[in-house]
Amino acid sequence: MLPTKEWMDMKQHDSNRSGQRQSDLPVERRSQPDADVSYRAAASRRSTNRTQDVDRHVGARVRERRIMLGLTQQQLADLIGVTYQQAHKYERGINRVSAGRLYEIGQVLSVPVSYFFDGLQGENTRPVSPRERMCLELARNFAQIPNERHQEALSQLARVLATD
C-alpha cells in the first residue's frame with residue numbers, strides 16, 4: 001500500500017507549533033537535528049533519576065501494602081491480571097506502573113491512589129528500621145497461618161502482651 005498524500009504532507013511537517021513545512025521556513029529557523037537530539041538526550045537524562053526514584057517509591061509502597069494484607073506477589077498479580085514477573089518488576093521500580101494499573105492496584109489493596117505517593121514530598125528516604133521490618137515480617141507470617149483459630153489465638157496473645 002502506497003502512502004497517502006496526507007501522510008506524506010504530515011511527514012514533511014516539523015514538530016514546530018506553527019505547522020509550517022521545514023522547506024517553507026527560513027534557513028535559520030529550520031530545526032537542527034544534532035542540536036535537537038542532544039537537547040532531548042540531556043532532558044531525558046535529567047528526568048531519568050527523578051522518575052526512577054518515583055517508580056521505586058511507588059513500588060515500595062505497593063510492596064509494603066501487599067505485605068500488610070498478607071498477599072504474595074503471585075496473589076497480587078492474579079488480582080490485577082498480570083504475571084508474577086510483572087508484579088515483581090512493579091514493586092522493584094523496574095517497570096513503571098501506568099495510571100490505570102495503579103488505580104486497579106489501589107482498588108485491590110483497598111487504598112486510594114494517593115497512598116502510593118505519600119512521603120514523596122520530603123523524599124528523605126530513610127532505611128526501614130529493624131522494628132518496621134519485624135512488623136512487616138510478623139504480618140507476612142501471620143497471614144500464612146492456615147488455621148483461623150491459631151490466628152485468633154495469636155491475635156489475642158498480642159492484645160494481652162500490648163496491655164502490659
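From the N terminus on, the elements of the chain run α-α-α-α-α-α-α. The secondary structure comes to seven helices and zero strands, where helices (H or I, at least four residues) and strands (E, at least two) are DSSP runs numbered from the N terminus. The model is predicted: local features need pLDDT of at least 70, side-chain atom pairs count only at pLDDT 80 or more, and totals for chains, interfaces and linings use all residues. Residues are numbered from 1 along each chain as its sequence is written, and side-chain values use heavy atoms, with hydrogens and water left out.

Of the 164 residues in the chain, 20% are buried, that is, under 20% relative accessible area, against over 50% for exposed and in between for partly exposed (1.4 Å probe, protein chains only). Among contacts (heavy atoms within 4.5 Å) with a separation of 6 or more, 49% join residues 24 or more positions apart.

Two packed helices are described by the angle between their axes and the distance between the axes. The axes of helix 3 (residues 73–80) and helix 4 (residues 84–92) come within 8 Å and cross at roughly 105°; axes are lines fitted to C-alpha atoms over the stretch in contact, with angles from 0 to 180 degrees between N-to-C directions. The two helices are therefore roughly perpendicular to each other, the class for 65 to 115 degrees. Gln73, Gln74, Leu76, Ala77 and Ile80 in helix 3 meet Tyr84, Ala87, His88, Tyr90 and Glu91 in helix 4.

Helix 7 (residues 148–163) contains Leu161, which counts as exposed because its relative accessibility is 54%.

Technical notes
Parallel < 35°, antiparallel > 145°, perpendicular 65-115°, else oblique.
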